[in-house]
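Hi everyone, thanks for making time.

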Amino acid sequence: MTGNLGGSIIYVVSDSVGETAELVTKAAASQFKGSFAIKRIPYVDDEQNIDSVISLAKMHEGVIAYTLIKPDMRAYMKNEAARAGILAYDILGPLVNMLEEKAQSQPLNEPGLVRKLDDDYFKRVEAIEFAVKYDDGRDPRGILRADIVLVGVSRTSKTPLSQYLAHKRFKVANVPLVPEVEPPEELFLVPPEKCIGLKISPEKLNHIRKERLKSLGLNDHAIYANVERIREELTYFDSIISKLDCPIIDVTNKAVEETANLIINILQNRSQDRNGSTI
């Protein structure tokens, strides 16, 4: 036999935004014919708010579905709804209790943690997409929107650094420097503390580029890996960085993670790191 909600109002109550409670309630209510209304009531964090919801539910012959993370608020809702003769369903409490028993530890009992995790996730995804879009100077417009702008010659770990920092939720653009190509004008409009120059020794860069050419099946004596050409590029790098007056990190013997941590430290101590000194 198919049930009918017959115009009932379902009050969805939460001590946070209430998206989870509303989604679960909609999924359950969709199994029944008939018109009904779902009224979400977020940020219910004290007994007075609960009393108001119960009064509404009683007045309109509605029911209550709730996600209240604090045990005392759950208990109050349960007891007062029963006293008023209102059907009220605890969506979250039983599962939290089960996990508490399994984990043998107390829950945090902090409202809104799921939303905080979601916000963190979406910021990370946005930063990763940003790093891909503005990698290797593809679109100079990203330079002015970035939290960090990495500047260096080819093979100084600009792309892996951009991705690593993106996972830390920083929006990163990177700009390759080539003597024959003028840097984008946007680069000189960025506050110096947002730019990071990536320095490397000629010998190390020569080795990296030779290995790169070999991995591509190319001749490792190409001009790309020529020491004189590399010195020319690094001299050009120095000239641009001196104009930017930004911090410089020597990446010669540093792992990506180590360089990234130095960059984050620079950002956190901007007032002390605006002299462009080499780290």
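Let me start with the term we need: a salt bridge here is a side-chain nitrogen of Lys or Arg within 4 Å of a carboxyl oxygen of Asp or Glu. Please keep in mind that this is a predicted model.

With that cut-off in hand, take Asp 220 and Lys 214. Their closest N and O atoms are 3.8 Å apart, and the two form a salt bridge, because the limit is 4 Å. Is Asp 220 buried or exposed? Asp 220 is buried, at a relative accessible area of 17%, while Lys 214 is partly exposed, at 47%. Elsewhere, salt bridges with shared partners link up into one network, made of Glu 180, Arg 209, Arg 229, Glu 232 and Glu 233.

How many salt bridges does the structure hold? There are 14. Let me pick out two more of them.

One of these is between Arg 40 and Glu 22, whose side chains meet at 2.5 Å, N to O. Arg 40 belongs to strand E2, residues 37–41, and Glu 22 to helix H1, residues 19–29, so this contact ties together parts that are 18 residues apart in sequence. On accessibility, Glu 22 counts as buried at 12%, and Arg 40 is partly exposed, with a relative accessible area of 35%.

Next, Glu 126 and Lys 171: their side chains also meet in a salt bridge, at 3.0 Å, N to O. Where do they sit? Glu 126 is in helix H5, residues 113–133, and Lys 171 is in the loop between helix H7 (158–166) and strand E6 (172–176), so the pair ties together parts 45 residues apart in sequence. Glu 126 itself is partly exposed, with a relative accessible area of 40%.

Now for the rings. The structure holds one aromatic pair. Phe 130 and Tyr 134 form it, with 4.6 Å centre to centre and 55° between the planes, and the pair is tilted. Why tilted? Planes under 30 degrees apart would count as stacked and over 60 as edge-to-face, so an angle between those limits counts as tilted. Both Phe 130 and Tyr 134 are buried.

The charged end of Arg 209 sits over the ring of Tyr 224, 4.5 Å from the ring centre.

Notes. Residues numbered from 1 in each chain as written. Predicted model: local features only at pLDDT ≥ 70, side-chain atom pairs only at ≥ 80, totals over all residues. Heavy atoms only, no water. Helix = DSSP H or I, 4+ residues; strand = E, 2+ residues; numbered from the N terminus. Buried < 20%, exposed > 50% of the residue type's maximum accessible area, 1.4 Å probe, protein only. Phe/Tyr/Trp six-rings, centres within 6.5 Å; stacked < 30°, edge-to-face > 60°. Lys NZ or Arg CZ within 6 Å of the ring centre and 35° of its normal.
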